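Please look through the notes below with the model open beside them.

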Amino acid sequence: MRVAEAKALACQSPVEAASRCRAGRAPELAAELNARGVTDSVSTSAVRRWLRQDVLKPWQYGSWIFIRDPDFRAKAQRVLDLYARTFEGVPLGEDQYVVSIDEKTSI
């Protein structure tokens with residue numbers, strides 16, 4: 001039971017994790033488990049061992065964007081066409097260029 005709770009806590013996103021527990025750090029996870037009363041006393045090495053059993057790497061996490069805009073495909077297609085050097089179905093000429101300003105953060 002305590003191993004499952006440790007893994008569940010470790011897999012929480014940083015937003016969901018308790019403010020004093022950055023979910024990826026074994027010492028902080030051990031301290032949080034002890035503070036919550038999940039264990040009487042658990043060592044950092046025990047927490048690392050538990051996470052390693054399932055190859056959990058809570059310090060590596062990803063996020064996903066769920067697109068809610070119903071017109072996203074059409075909007076994205078215009079940008080993708082420009083990357084493919086096409087504008088409104090017509091290929092760009094050799095002397096025409098696409099400049100993407102939001103990729104040029106130093107400008």
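1. Arg25, Arg48, Arg49 and Arg52 form a positive surface patch. Patches are made of residues with over 30% relative accessible area and no salt bridge, with like charges joined within 9 Å and nonpolar side chains (Val, Leu, Ile, Met, Phe, Trp, Tyr) joined within 5 Å. Lys and Arg count as positive, Asp and Glu as negative, and His and the chain ends are not counted. The place of a charge is NZ of Lys, CZ of Arg, CG of Asp or CD of Glu.

2. This is a predicted model, in which local features need pLDDT of at least 70 and side-chain atom pairs count only at pLDDT 80 or more, while totals for chains, interfaces and linings use all residues. Residues are numbered from 1 along each chain as its sequence is written, and side-chain values use heavy atoms, leaving out hydrogens and water.

3. Is Arg52 buried or exposed? Arg52 has a relative accessible area of 57% and is exposed. The classes are buried (under 20% relative accessible area), exposed (over 50%) and partly exposed (in between), using a 1.4 Å probe and protein chains only.

4. The count of salt bridges comes to 2; the term means a side-chain nitrogen of Lys or Arg within 4 Å of a carboxyl oxygen of Asp or Glu. Side chains of opposite charge can pair when their charged atoms come close. Glu32 is bridged to Arg36, with 2.7 Å between the closest N and O atoms. Glu32 is buried at 4% relative accessibility, whereas Arg36 is partly exposed at 45%.

5. Asp69 and Lys75 form a salt bridge through their side chains, at 2.6 Å from N to O. Asp69 is partly exposed at 31% relative accessibility, and Lys75 is partly exposed at 48%.

6. Val79, Leu80 and Tyr83 make a nonpolar surface patch of about 310 Å²; accessible areas come from the Shrake-Rupley method with a 1.4 Å probe, and for residues only the protein chains shown count as cover. Val79 lies in helix α4, residues 72–83, and is partly exposed at 43% relative accessibility.

7. The chain has 4 helices and 2 strands, in the order α-α-α-α-β-β from the N terminus. Helices (H or I, at least four residues) and strands (E, at least two) are DSSP runs, numbered from the N terminus. Of the 107 residues in the chain, 21% are buried.
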